[in-house]
Amino acid sequence: MGIACSGVVEELLVELQSAEIIHLDETPWYEKGKYRWLWVAITSTIVVFHIGSRRLYRVCRLATGVEHTKLKALAKEILADWDAVVACFHHPQLPPTNNEAERALRHAVIARRISYGTRTTEGSLAYCSVLSVIETCRLRKIDPWSYIAIVLTQARKGIKHPPIPAAC
């Protein structure tokens with residue numbers, strides 16, 4: 001289910017880029033017993049979770065010098081948008097708190113305490129994909145299980161998933 005939902009998350013990431021305000025937060029997470037971070041980006045109609053490193057800026061700076069073309073391009077893109085990441089420090093009209101993102105992480109924190117994280121990178125991708133789809137559907141007042149059932153049915157047939165419907 002999680003891997004089938006990962007394509008949906010790719011589309012949510014594109015949609016997320018056009019949002020005016022994005023709340024970001026992170027919480028510790030364990031993957032293969034290693035200390036990682038569970039990140040969340042949330043708007044009024046989109047939620048995207050990601051498990052990875054906290055040192056995004058440093059990694060991006062290092063990646064601008066690698067030979068791998070796609071990695072270098074991604075790193076440069078993130079660095080080009082770095083001002084958006086720290087915008088709240090320079091623009092007092094933006095929300096001073098991160099409560100929306102913190103609330104979005106609450107259930108994942110409880111799950112982490114019970115499960116001690118994920119065991120594989122694929123498991124992390126699956127977990128984040130399902131969580132992203134469920135929470136985005138919830139924000140849009142759409143039944144997540146009906147939508148996920150369609151995604152799974154399409155994936156089993158080798159058909160691309162439908163986009164998550166817009167908010168009602």
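## A tour from the sheet to the salt bridges

Start by selecting residues 23-31 and 34-42, strands E1 and E2. E1 and E2 pair in the antiparallel sense over 9 bridges. Two strands count as paired if DSSP finds at least two bridges between them. Helices (H or I, at least four residues) and strands (E, at least two) are DSSP runs, numbered from the N terminus.

You are looking at a predicted model: local features need pLDDT of at least 70, side-chain atom pairs count only at pLDDT 80 or more, and totals for chains, interfaces and linings use all residues. Residues are numbered from 1 along each chain as its sequence is written, and side-chain values use heavy atoms, with hydrogens and water left out.

**The sheet**

Color Thr 27 and Leu 38. Thr 27 stands opposite Leu 38, which is in E2. The 3 strands form an open sheet in the order E1-E2-E3, with antiparallel pairing. From one strand to the next, the twist averages 20°. In general, strands of a sheet pair through backbone hydrogen bonds, either parallel or antiparallel.

**Helices on the sheet**

Show residues 99-115, helix H5. H5 packs on the sheet and touches E1, E2 and E3. Contact here means heavy atoms within 4.5 Å. The direction of H5 makes about 15° with that of E1. Axes are lines fitted to C-alpha atoms, for helices over the stretch in contact, and angles run from 0 to 180 degrees between N-to-C directions.

Next, select H6, residues 121-139. H6 also lies across E1, E2 and E3. H6 runs at about 165° to E3.

Go to Met 1, in the segment before H1. What does Met 1 touch, leaving aside residues up to four places away in sequence? Val 130, Trp 145, Ile 148 and Leu 152. Met 1 and Ala 126 are 125 residues apart in sequence, yet 7.2 Å apart in space, C-alpha to C-alpha. Met 1 is partly exposed, at 43% relative accessibility. Buried means under 20% relative accessible area, exposed over 50%, and partly exposed in between (1.4 Å probe, protein chains only).

Step along to Ser 6, in helix H1. Ser 6 is buried, at 17%. Beyond residues up to four places away in sequence, Ser 6 touches Leu 125 and Ser 129.

**Salt bridges**

The whole structure holds 4 salt bridges. Each is a side-chain nitrogen of Lys or Arg within 4 Å of a carboxyl oxygen of Asp or Glu.

Select Lys 160 and Glu 11. The closest N and O atoms of this salt bridge are 2.3 Å apart. Lys 160 lies in the segment after helix H7 (144-156) and Glu 11 in helix H1 (residues 2-16), so the pair ties together parts 149 residues apart in sequence. Lys 160 is exposed, at 55%. Glu 11 is partly exposed, at 29%.

Move to Glu 15 and Arg 140. Their side chains meet in a salt bridge at 2.4 Å, N to O. Glu 15 is in H1 and Arg 140 in the loop between H6 and H7, so this pair links parts 125 residues apart in sequence. Buried or partly exposed: which describes Arg 140? Arg 140 is buried, at 2%, while Glu 15 is partly exposed, at 35%.

Finish with Arg 138 and Glu 135, a salt bridge with its closest N and O atoms 2.8 Å apart. Both residues lie in H6, 3 residues apart, about one turn of the helix. Arg 138 is partly exposed, at 48%. Glu 135 is buried, at 12%.
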